[in-house]
Structures are given as structure tokens and as C-alpha cells.
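Work through the exercises below with the sequence and the coordinates side by side.

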Amino acid sequence: MDEEKALEVLKPTILAIPNDRVIAITVPVNVLVRETYDTVRCARVDADALATINYTSEKTDNLEQRAGAYQETESLWLEENHCANNAEEDWAALREQATEAKFDTIHTFKYAYRNVDNVMDAISDIDDGSTHVDTLQDISDLVVLGRKHPEPLQAINYNLTKLDDLEKLGVDASNALAIANENRLSGSEAKLLRDKSYTYLKEGLDELRAAGKYLFRKDEKKLKRYQSKYWKKRNDAYKKEASEEPVN
């Protein structure tokens, strides 16, 4: 069964895992998947022996499905993350342009409308905005204000087509922010699905390994089949490093 199909079959079960049961990812995806498939192959060789302690071939097949589902959720999350990064870059660039355009326009308007009290009051209100959302609304308000009172702008040779450009920048920036926010949400959902899938796979692999370690506790050769080479290598390296530390 391919990864996409495996996820389709197991997704309801994975999503049902409570958030407080989700564990931290401590093993790289390629390592965990490879070790799962290796252990599954060993389990199929040892199927008759495992069946004596009620570890069935159905459990082995399910574990293989879990590995496929985890690979698919990892791919989906990476894709979402890539899209989210692109959206964040687009928003960051347009946010900077919008902020600069807002302040340039406010300075121009303050000069053009310096003798028009009611418009100056409106400009002061617009100038108070400080958040990114404020900036986008402020741009819209400046465009409306400039179109409503064009004469003072024309008196200082301000090209009114700049208001069209400002409006477009505001719309583009608003759209970029919306996409970035949407991707943040979908990215969080994809990450949670990936993390739950990791948990589901790790729990299944731990169950098989526990069965193998119990069953073959007196058979060193077979026992190794149900041990993590990744963690054994990490632990050996840690012990070696610890033994080489100078004693004060």
C-alpha cells in the first residue's frame, strides 16, 4: 500500500489521538521509517513465534501502514511549510513597502493640507495607527481622503495617479497577509497531523520491539533485530565521549 493510501485509511485514527498524547519527535523521519520497515521484515520472518504471545500478522501489517502514513504526513507538512515560507516572504516585502508608502503619503498630505483643519484632524487620526493591520486600513483611508480633497494635492503638483498605485499596494499587501495567515493555520494543522502520525508510528514500533525483546531475550542474534540501531549508536557515542572526558 502506498503512502497516500495508507494515510487515507489511518487518518481518522491518527486524528483521534489526543493532543496531550502526542510525543516529541526524537528520531529523524528517514531513520524511524527505515527502522520500522526493517523491524517489520524481521517480524514477518518471526511471525509464528510472535503469534505465540499474540503479536499477530495483522499488527505487523498495520505497523507498515503507519510508516507509510507517517511518510505522507511528513511530505504534506514540508509542502505546507514551503508554501508558508513563500507567503511569509511575500507579506514581509509588501508590508515593508506599505509601511514606507504610508508614511511618505502622510508627510505629503500634512504639507498639502496644512491649512485645512478638518483634513489635518483626519490625517492625525490615521497617523496614530501602529499595527500592520492599521497600516493597511490607513492606506485605504489615505486613498479615500486624497480622492475626496484633490485640489490641495494638485496645488503641490502631486500626481493623483499615485493614489491608484497606493490603493493597489494596499490591496496586494492585504491579500498577501490573508494568504500568510491562512498558511499559518493550515501549516499548524499539517504539523499536528504529522506529529500525531509520528506518535502513532512510534507507539506501534515500540510495541513490536517490546514483543521481540521479550520473546527473544535469550537469543542475542534475534534480539538485535528488535533494537534501535540509531539509539544504540547514539548511546555508544555518548558513553565513549563520557569515558574520554578528563578527570579533574
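**Exercise 1. Determine which residues of helix 1 are buried, and locate the kink in this helix.**

Solution. Start with the burial classes, in which buried means under 20% relative accessible area, exposed means over 50%, and partly exposed lies in between (1.4 Å probe, protein chains only). By this scale Ala6, Leu7, Leu10 and Ile14 of helix 1 are buried. An α-helix has 3.6 residues a turn, so residues three or four places apart point the same way. Next take Glu8, which is also found in helix 1; Glu8 counts as exposed because its relative accessible area is 55%. Glu8 and Glu72 are 64 residues apart in sequence, while their C-alpha atoms are 9.7 Å apart in space. Finally follow the helix axis: helix 1 covers residues 3-15 and has a kink of about 50° at Val9, shortly before the proline Pro12. The bend at a residue is the angle between axes fitted to the seven residues ending there and the seven starting there, and helices are DSSP runs (H or I, at least four residues) numbered from the N terminus.

The model is predicted, and local features are reported at pLDDT of at least 70, side-chain atom pairs at pLDDT 80 or more, whereas totals for chains, interfaces and linings use all residues. Residues are numbered from 1 along each chain as its sequence is written, and side-chain values use heavy atoms, with hydrogens and water left out.

**Exercise 2. State how many salt bridges the model contains, then examine Glu35 with Arg209 and Lys110 with Asp127.**

Solution. The criterion is a side-chain nitrogen of Lys or Arg within 4 Å of a carboxyl oxygen of Asp or Glu, and the count by this rule is 18 salt bridges. In the bridge between Glu35 and Arg209, the closest N and O atoms are 2.6 Å apart. This pair links distant parts of the chain, with Glu35 in helix 2 (residues 29-45) and Arg209 in helix 8, 174 residues apart. Both Glu35 and Arg209 are buried.

Lys110 and Asp127 also form a salt bridge, with their closest N and O atoms 3.0 Å apart. Here too distant parts of the chain are linked, since Lys110 belongs to helix 4 and Asp127 to helix 5, 17 residues apart. Lys110 is partly exposed because its relative accessible area is 30%, and Asp127 counts as partly exposed because its relative accessibility is 25%.

**Exercise 3. Identify the residues linked in a network of salt bridges with Asp195, and classify the burial of Asp195 and Arg194.**

Solution. The network joins Glu74, Lys191, Arg194 and Asp195. Within it, Asp195 forms a salt bridge with Arg194, for which the closest N and O atoms are 2.7 Å apart. Asp195 is buried because its relative accessible area is 11%, and Arg194 is buried because its own value is 8%.

**Exercise 4. Compare sequence separation with C-alpha distance for Glu89 and His107, and for Ala173 and His132.**

Solution. Glu89 is placed in helix 4 and counts as exposed because its relative accessibility is 53%. Glu89 and His107 are 18 residues apart in sequence and 28 Å apart in space, C-alpha to C-alpha. Ala173, by its place, belongs to helix 8, and it is buried because its relative accessible area is 0%.

Note on methods: Helix = DSSP H or I, 4+ residues; strand = E, 2+ residues; numbered from the N terminus.
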